[in-house]
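Please read them alongside the coordinates.

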Amino acid sequence: MSARKHRAVVLCSGGIDSTTALAIARSEQFELYCLSFSYGQRHAVELQAAERIARAFNACEHLCLDIGLDRIGASALTASIPVPRKAHTTVSAGAIPVTYVPARNTIFLAYALALAEARACSAIFIGVTAVDYSGYPDCRPEYIGAFQRMADLATREGVEGRSITIRTPLINLSKADIITAGLNLGVDYAMTHSCYDPAPDGGACGECDSCLLRFRGFKAAGVDDPTRYARAPQPLL
């Protein structure tokens with residue numbers, strides 16, 4: 001194995017959080033290797049956003065893998081289950097919404113870990129947050145810590161003392177804080193997509209949990225949301 005360079009795999013969904021994480025990685029002078037997934041999501045338009053974002057950031061590589069999680073189903077994002085509209089954005093303890101995709105971040109990080117080893121990367125950036133989020137269990141600091149321990153045990157790099165670090169620069173930030181950080185780094189959020197249930201022309205529904213979190217994040221940050229909404233989100237629940 002050749003010596004690792006200052007390279008990072010960045011999980012790129014095309015949304016606000018992953019794009020901000022990408023901007024942070026760039027600000028730290030990492031060579032960028034973007035990784036996206038076509039996993040049978042109903043909001044596959046996000047992959048178009050991920051592609052243009054990777055180009056805008058001059059990524060060394062943008063790999064989009066087809067993993068077909070719709071064959072497993074059990075999520076409103078991958079199966080014929082309605083996406084909740086106008087739902088509460090604060091989820092009570094233990095209440096995991098139907099938009100949760102079983103083990104998604106574990107699957108994504110496993111692929112990212114493989115790519116990081118193959119491309120001699122020292123870090124993986126993932127834009128998870130445990131503040132303004134949808135209650136998914138694989139966005140918590142405890143989960144990331146557990147995955148880091150597993151990665152150190154399961155890879156040649158880890159066993160040989162060259163740990164691939166799982167970076168979560170947004171984990172303690174609110175959506176407004178994330179947007180502010182990204183704007184300070186020159187992110188153009190008009191490139192991004194957040195809606196779970198977009199119209200056929202790609203317009204955001206304005207009512208799903210992801211749209212509401214996005215809209216309120218921009219409002220709290222005091223800047224305009226560049227999203228084209230089919231229905232204007234409500235400022236407050």
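1. Which residue stands opposite Arg 7 in E2? Glu 31 stands opposite Arg 7. Further along, Val 10 stands opposite Cys 34 in E2. Strand E1 (residues 7-11) and strand E2 (residues 31-38) run parallel and are joined by five bridges.

2. On sources and conventions: this is a predicted model, in which local features need pLDDT of at least 70 and side-chain atom pairs count only at pLDDT 80 or more, while totals for chains, interfaces and linings use all residues. Residues are numbered from 1 along each chain as its sequence is written, and side-chain values use heavy atoms, with hydrogens and water left out. Helices (H or I, at least four residues) and strands (E, at least two) are DSSP runs, numbered from the N terminus.

3. The sheet is open, has five strands in the order E3-E2-E1-E4-E5, and its pairing is parallel. Strand E3 (61-66) and strand E5 (165-167) stand at the edges with a single partner strand each, so one side of each has no neighbour in the sheet. On average, neighbouring strands of this sheet are turned by 25° against each other, direction ignored. Two strands pair if DSSP finds at least two bridges between them.

4. Buried means under 20% relative accessible area, exposed over 50%, and partly exposed in between (1.4 Å probe, protein chains only).

5. Helix H1 (residues 16-27) packs against helix H6 (residues 175-184) at an angle of about 40°, with the axes 9 Å apart. Axes are lines fitted to C-alpha atoms, for helices over the stretch in contact, and angles run from 0 to 180 degrees between N-to-C directions. H1 and H6 are therefore oblique to each other; angles under 35 degrees count as roughly parallel, over 145 as roughly antiparallel, 65 to 115 as roughly perpendicular and the rest as oblique. The crossing of H1 and H6 is left-handed, meaning that the near helix is turned anticlockwise from the far one by less than a right angle, whereas clockwise would be right-handed.

6. Ile 16, Asp 17 and Thr 20 of H1 meet Lys 175, Ile 178, Ile 179, Ala 181 and Gly 182 of H6. By class, this contact of H1 with H6 has four nonpolar, two polar and two charged residues. Contact means heavy atoms within 4.5 Å. Ala, Val, Leu, Ile, Met, Phe, Trp, Tyr, Cys and Pro count as nonpolar, Asp, Glu, Lys and Arg as charged, and the others, Gly among them, as polar.

7. Helix H3 (residues 104-118) and H4 cross at roughly 35°, and their axes come within 12 Å. H3 passes H4 in a right-handed crossing. Asn 105, Thr 106, Leu 109, Ala 110 and Leu 113 of H3 make the contact with Tyr 143, Ile 144, Phe 147 and Ala 151 of H4. By class, the contact of H3 with H4 has seven nonpolar, two polar and no charged residues.

8. Thr 78, in the loop between E3 and H3, counts as buried at 10% relative accessibility. By contrast, Ala 154 in helix H4 (residues 141-154) is exposed, with a relative accessible area of 54%.
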